[in-house]
Amino acid sequence: MTLFALDRVTVRLDGREVLHGVSLELREGSFAALIGPNGAGKSTLLRAAAGLIPAEGGISLAGAPLARLSSTARARAAAFLAQEREVAWPVTVKTLVGLGRFPHRGAMQPATAEDRAHVERAMERMDVARLRARPATELSGGERARALIARALAQDTPLLLADEPAAGLDPAHQITLMEVFAELAADGRGVLASMHDLGLAARWCDRLVLLHEGRIVADGTPEAVLTPENLARVYGIEAHIGRANGGLVVQPLSRTTGR
Amino acid sequence: MNLRVPYPVLIAALAVTVALLFGLSLLTGSAELGLGESLSALFADGGSGGSGGGNVVAIVMQEIRLPRALLALMIGASLGLSGAALQGYLRNPLAEPGLIGVTATASLGAVLAIYTGISAAVPLALPAMALAGAGLAVLLVQLLAGGRGGALTLILAGVALTSLAGAMTSLALNLAPNPFASLEIVFWLLGSLADRSMIHVQIAAPFILAGWLMLATLGRGLDALALGEETAASLGVRLPLLRLLAVVGTASCVGASTAVAGAIGFVGLVVPHLLRPFVGHRPSRLLLASALGGAAMLLLADIAARVLAPDEDLKLGVLTALVGAPFFLWLVVRTRRRLA
Amino acid sequence: MRLVTGLIAGTVALAAPAVAQAADGAAPRRVVSLNVCTDQIALMLAAPGQIEAVSRFAVDPKASVMVEEARAYPTTAGGAEDVFLRRPDLVLAGSYTARATVDILRRLGIPVVEIAPASGFGDIAASIREIGAALGAADRAEEVIARFEARLARVPAAERTLRVALYGANGYTEGAGTLSHEVVTAAGFSNIAAEIGIVGIARLSLEQLILADPDLIVIGLDYDSPARAQEIFSHPALAALADVPKARIAPAHWVCGTPHIVEAVEGLVEARDAILEGR
C-alpha cells in the first residue's frame with residue numbers, strides 16, 4: 001500500500017518557489033533517506049507531506065487526499081519529527097514521550113495500558129528509559145534528540161517523516177536510530193528521513209531520494225543514486241565509494257572545482 | 001525544580017484553601033457579625049428586599065458580602081486560568097492575560113463610560129461598555145494577527161492594542177470634565193471589588209463561565225504545543241482553533257472581570273508561575289491548579305484590603321501588585337541563581 | 001407604620017420649622033452623606049438629629065470648612081455595608097463618587113440623591129435647593145441661598161480689573177466653566193486661563209504663564225510647608241514672576257460648591273485691594 005504520495009507538488013514560501021512539481025511515493029516496508037545539500041527543499045518536502053504547510057498539487061496520506069483527512073486521522077497516519085528540538089517546559093522525559101499518544105486518546109481519557117506500553121517501548125528503543133524522570137530541558141542535546149525521536153515512535157504510525165533525526169547523535173546512537181528505523185520498515189511501516197550523513201544513509205536505507213534545488217534528481221537504491229556524477233553535480237564533492245560488510249560505504253573526500 | 005506533589009492532592013489542597021478563604025471573605029466586613037449569625041443569615045429568607053422591614057444581617061450577607069466573595073472567586077480563577085492558558089499557548093512564562101490587549105480595551109470602554117457621564121446616567125453602562133471594549137479587542141487582535149499567524153504576531157498585535165488603548169485612556173483622563181471624574185477614572189483603573197452587587201455577578205458570570213469552558217478545552221493542545229507549533233500540528237492539534245479558543249476564552253472571562261472590577265494585575269502572571277513546578281510543568285495540569293490558585297490569591301487580597309485598611313478602600317489592583325511584584329522579583333533572583 | 005413616621009415628622013416639623021414637608025411626604029430622619037460637599041450642605045440645612053452620619057472627609061480640615069459642625073456626628077468610610085447598617089432613609093452622594101456604592105444602595109432600596117459637582121454659582125444654589133428638598137428643608141434652603149447671594153452681592157467691585165493666574169500642581173489651571181473661574185471673576189479679576197481660551201481644567205504652560213504677565217498668582221494647593229509652595233516657582237524661567245504677588249487659598253474653601261465659597265471670594269478681594277493700594 002502507498003503510505004504517502006506527492007503528485008506534482010509545488011510549494012511557495014514567502015512567494016519564492018521552493019519545490020517545483022515534485023512527485024514521490026513511499027510504500028510500506030521502505031526506509032528511505034531524503035538527501036541533498038542545504039536548501040535543496042528536504043524540510044519543505046517533509047512538511048508538505050505531513051500537511052503542515054500549504055502546497056499545490058496532490059498529496060495523499062494512507063490512500064486518501066490529505067485535505068479530506070481530519071487532523072486526528074492525519075496524526076494517526078503519519079508522525080513528524082521536526083528538525084528543531086524545541087521543548088518549552090521542563091516536563092519529564094516520560095511526559096514528553098507520552099505526548100506521542102496524543103492522537104490516540106480522547107480529550108478526557110486517561111492513558112490506557114496500551115498507551116503506556118507504547119511509551120515504554122519507545123523509550124527503551126531510543127535508550128532514554130533511564131532518563132524517564134529527568135526534565136527534558138536539562139538533557140544533553142543528543143539525549144533530548146533521542147527523547148523526541150521516542151516521542152515520534154510512541155505515536156505508532158504507519159509512516160514516519162523525520163527531519164534530520166541523526167543530527168547530534170553519537171555514532172552508537174546513530175546506529176541505534178538506523179536500526180530502529182530499519183526495524184519499523186521491516187514491520188511493514190515506512191520511514192522517510194532527511195539526512196546529511198551519506199554513509200549512514202547508504203548503509204541503512206533501501207532507497208535514497210536525491211533532492212536538488214527543489215527537484216528530485218535521483219531516486220533509487222543507494223548504488224543507483226550515489227554515483228560519482230550525482231555527488232559532483234549536486235553536492236560538488238568527490239567521494240570514496242566502496243563496499244564493506246555487505247553494504248555501501250561512502251566517504252566524502254574533497255570538493256570538486258568550480259563550485 | 002519539579003516538586004513532587006500528587007496532582008489530586010494538590011488540587012484538593014487548593015480547593016480546600018479556596019473554600020476556606022471564601023468563607024473568611026464572607027465573614028469580613030465593617031459590621032461585626034458572629035460566625036453563626038453570618039452563616040444563618042446567608043441562607044435566611046428576606047435578604048433580597050428593600051430597606052424596609054428586611055432582615056438587615058441577611059441583606060448584608062446576601063447582597064453585599066456574597067457578591068463580593070463570588071466575584072473575587074470568579075475573577076481570581078479567570079485571571080489564574082487565562083494566565084496559565086496564555087503562558088502555555090505562547091510558551092512564555094512572562095505572558096499574562098493583559099497581553100492580548102483585553103484588559104486595556106475593557107478599561108478604555110469603562111473609562112469612556114465614566115468620561116462621557118453615561119455610567120452615571122445609565123446603570124450598568126460601565127460594564128456594558130467595558131465588555132464591548134473587550135469584544136473589540138478580540139476582533140482587532142484576530143484581524144491584526146491574521147488567521148494563521150503564530151504566537152509572535154499575537155503578542156505584537158496585543159502590545160499594539162494595549163498601547164493604543166492605554167494612550168486613549170490617558171487622553172480621556174487628560175480631558176476629563178472635572179477633577180472628580182479624573183479621580184473616579186483613576187480609582188476605577190486600580191481595580192476593586194468594593195460594593196459590587198449581585199447584578200455585577202449576573203453580568204459577569206455568563207461571560208466568565210463561557211471563557212472557562214473555552215480555556216478548559218485547551219489543556220492537551222497546550223501540552224503538545226510544548227514541542228513547537230509544527231510538532232503540535234503533526235500530533236493533530238488544530239492550531240488556528242486553539243488560538244481562537246485561547247484568545248476568545250481569555251477575552252471573555254478577563255474582559256468580564258475587568259468590566260466589573262477594573263484592571264487587576266499580577267494574579268495572572270504570578271499564580272501560574274508559582275504553581276508550575278507543582279504540576280510537573282505540564283500546561284494541561286496547570287490550568288485547573290492556576291484557576292484555584294488565582295481564586296485563592298484574589299480572595300486573600302480582597303480580605304487583606306478590608307482588614308488592613310477598613311477605612312481606606314485600599315484598591316485591589318494596588319494590593320496584588322504590592323504583593324505580586326516583590327514576589328516576582330524573588331522568583332527572578334531565584335531563577336538567575338539556578339541558571340548561574 | 002406610615003402614620004407613625006408621619007406623626008413623628010410632624011412633631012419634628014413643629015420643633016424645627018426649617019424642616020418642611022418633602023414633596024413625597026415625610027422628611028427623612030436618618031440621612032447619611034458620602035461626599036464632603038454634600039456633607040457641608042447637609043450640615044447647613046438639616047434639622048437636629050436628622051443626620052445619621054457624614055463622610056470621614058467632613059472632619060478633615062484639608063477638605064472641609066465645617067469640621068466643628070461635622071464633629072457632632074459619626075463619620076462613615078462610605079462602604080455599602082457600613083452605610084446600609086446605619087439604616088439610612090436617605091443617602092446623599094456626589095455624582096462622581098462611589099459609583100458602585102450608590103448602585104448597590106439603590107438596589108437595596110435606599111433612596112440616593114446624587115449631586116453633581118458645581119461648576120458655577122448657579123449650580124451651588126441648585127445643589128442647596130435639591131438637598132433642601134430631599135431633606136424636607138426647602139425653606140431653610142431658600143434662606144441659605146438668599147444669605148449666600150446677598151453676601152456675594154456685597155463683594156465690593158474693583159476700580160480696575162486685575163489679571164489673575166490660577167496655578168496648581170503640575171501646572172494645571174482652571175478656565176471658563178469652572179467654579180474657580182467664577183470665584184476669581186466674582187472677586188473682580190480677569191482669569192488669564194479664560195483669556196487664552198481654556199475651558200475646564202487644563203495645563204498652563206510656563207510660556208503661557210510668563211507671557212500672560214498676571215497681577216496675581218493664586219496657588220490652589222494646600223501645601224504643608226511654605227517651601228513647597230515656592231517649589232513650583234523654582235524653574236529659572238519663572239524668575240520673572242518672582243515679584244508677582246501670590247495668594248494661597250486652601251482647596252477646602254473652593255473645592256466644593258457651598259456658600260462658603262464666598263469666603264474664597266472675599267479672600268481674593270483682600271489680595272486685590274492690597275495690590276491696588278500698592279501695598
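Modeller: Here is a short tour, beginning with the numbering and the confidence.

Modeller: Residues are numbered from 1 along each chain as its sequence is written, and chains are lettered from A, with ligands numbered from 1, in the order in which they are written. The model is predicted, so to speak of local features needs pLDDT of at least 70, side-chain atom pairs count only at pLDDT 80 or more, and totals for chains, interfaces and linings use all residues, while side-chain values use heavy atoms, with hydrogens and water left out.

Biologist: What is the mean pLDDT of chain B?

Modeller: The mean is 87, and 94% of the residues of chain B reach 70 or more. pLDDT is the predictor's confidence in each residue, from 0 to 100.

Biologist: Helices next. At what angle do H3(B) and H13(B) pack?

Modeller: About 65 degrees, with the axes of helix H3 (residues 56–90) and helix H13 (residues 267–275) of chain B 8 Å apart. Axes are lines fitted to C-alpha atoms, for helices over the stretch in contact, and angles run from 0 to 180 degrees between N-to-C directions. H3(B) and H13(B) are therefore roughly perpendicular (under 35 degrees counts as roughly parallel, over 145 as roughly antiparallel, 65 to 115 as roughly perpendicular and the rest as oblique).

Biologist: Which residues make the contact?

Modeller: From H3(B), they include Gly76(B), Gly80(B) and Gly83(B); from H13(B), they include Gly268(B) and Pro272(B). The residues of this contact divide into 5 nonpolar, 6 polar and no charged. Ala, Val, Leu, Ile, Met, Phe, Trp, Tyr, Cys and Pro count as nonpolar, Asp, Glu, Lys and Arg as charged, and the others, Gly among them, as polar.

Biologist: Now chain C. What is the strand order in the sheet of 5 strands?

Modeller: S3-S2-S1-S4-S5 of chain C, an open sheet with parallel pairing. Two strands pair if DSSP finds at least two bridges between them. The edge strands are S3 (75–76) and S5 (112–115) of chain C.

Biologist: How many bridges join S1(C) and S4(C)?

Modeller: 3, in the parallel sense, and Val32(C) has Val91(C) in S4(C) as its bridge partner. Helix H2 (residues 36–45) of chain C packs on the sheet, its direction making about 145 degrees with that of S2(C).

Biologist: And the sheet of 4 strands in chain C, which strands stand at its edges?

Modeller: The order is S8-S6-S10-S11 of chain C, with parallel pairing. S8 (189–191) and S11 (246–248) of chain C stand at the edges with a single partner strand each, so one side of each has no neighbour in the sheet. The twist averages 35 degrees from one strand to the next.

Biologist: Last, chain A. Do S1(A) and S2(A) pair in the parallel or the antiparallel sense?

Modeller: Antiparallel, over 8 bridges between S1 (residues 2–13) and S2 (residues 16–27) of chain A. Val9(A) stands opposite Val22(A) in S2(A). The hairpin has 2 residues between the strands, and Asp14(A) takes a positive phi near 50 degrees.

Notes:
Contact means heavy atoms within 4.5 Å.
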